[in-house]
Amino acid sequence: MRIILLGAPGAGKGTHCKRIVEKCGLEHLSSGDILRKERAEGTELGKEAQSYMDSGQLVPDELIVKMMAKAIRNAPETGWVLDGFPRTVNQAQELDKALSSDGQSVDLILNLKIDDSVVMDRMTGRRSCPKCGAVYHIKNLKPRVEGECDKDGTELVQRPDDEPEVVKKRLDTYHEQTEPVVGFYKNGKKVYEFDASKSADEVSAKIFETLDALAKA
Ligand code: ADP
Ligand code: AMP
């Protein structure tokens, strides 16, 4: 199964990808997580990506496409869920080309729909585990012990690009460059849409209803 999860920053892509991969045994391929790992390791790619990420802009397509094509090639046969990629129509076209040259294609596209007004609170309240990548929210999805990851006890951190000024820029970037990707996929494939303003458990339930119905079809 090859799934793409689309949605604005803060819509809940990471949260739901983690739930999907746990249940379905797929690989979670998050372009943002891969970039943050490259930065933490001080690689050339990490250094090149830094200024774009910190200012809420997109990292250039050619760097991202190469990085994600490699991640997809290394993913297990069972399949993957893409989170944060593709983020431009050009990236979507390049993904199609890379997959078809390997005789593959995307099976399913899920789009998390949300208003900008909800996103600001979600992103400024987001906390994540620097060790395992688990995502929490200070009000909506609290860890069991405040400030600590449920899975490994690591101290949770706030992403520097979740500051309100950078969030505003990321939303502008989303509307200008990423929203057209939904239209690109709607042209040729069925895109399943979800109201991402509902609670995380309600959104998950709807996603799993869709996945179960498709598995039975
Ligand atoms: P994305 O990967 O799309 O940027 P995240 O999954 O990191 O989004 O979610 C952004 C923030 O919102 C996190 O703090 C997460 O815990 C919280 N969150 C995710 N889904 C919901 C939801 N349905 N209701 C409330 N908060 C949510
Ligand atoms: P995310 O963790 O998905 O919110 O991504 C964090 C940041 O990484 C974004 O604001 C971009 O700067 C960069 N990034 C992640 N994915 C992509 C992508 N597909 N194309 C370009 N830049 C990306």
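Predicted model: local features only at pLDDT ≥ 70, side-chain atom pairs only at ≥ 80, totals over all residues.
1. Local features need pLDDT of at least 70 and side-chain atom pairs pLDDT 80 or more, while totals for chains, interfaces and linings use all residues. Residues are numbered from 1 along each chain, chains are lettered from A and ligands numbered from 1 as written, and side-chain values use heavy atoms, without hydrogens or water.

2. Ligand 2 is surrounded by 16 residues (a heavy atom within 4 Å). S31, R36, Q57, Q91 and R170 are the closest. Helix 2, residues 31–40, gives the most to this shell, with 4 residues (helices are DSSP runs of H or I, at least four residues, numbered from the N terminus).

3. Which side chains have N or O atoms close to a nitrogen atom of ligand 2? Q91 does, at 2.9 Å, and a polar side-chain atom of S31 lies 2.8 Å from a ligand nitrogen. On the oxygen side, a side-chain N or O atom of R170 is 2.8 Å from an oxygen atom of ligand 2. The protein buries 96% of the 480 Å² that ligand 2 exposes when taken alone (Shrake-Rupley, 1.4 Å probe).

4. Turning to rings, F184 and Y185 form an edge-to-face aromatic pair, 5.1 Å centre to centre with 75 degrees between the planes (centres within 6.5 Å; edge-to-face is over 60 degrees).

5. Two lysines place their charged ends over rings: K23 over F208, 4.3 Å from the centre, and K190 over Y192, 4.8 Å from the centre (NZ of Lys within 6 Å of the ring centre and within 35 degrees of the ring normal).

Terms used:
Phe/Tyr/Trp six-rings, centres within 6.5 Å; stacked < 30°, edge-to-face > 60°. Polar contact = N/O pair within 3.5 Å; in protein donor to acceptor, adjacent residues only side chain to side chain. Helix = DSSP H or I, 4+ residues; strand = E, 2+ residues; numbered from the N terminus.
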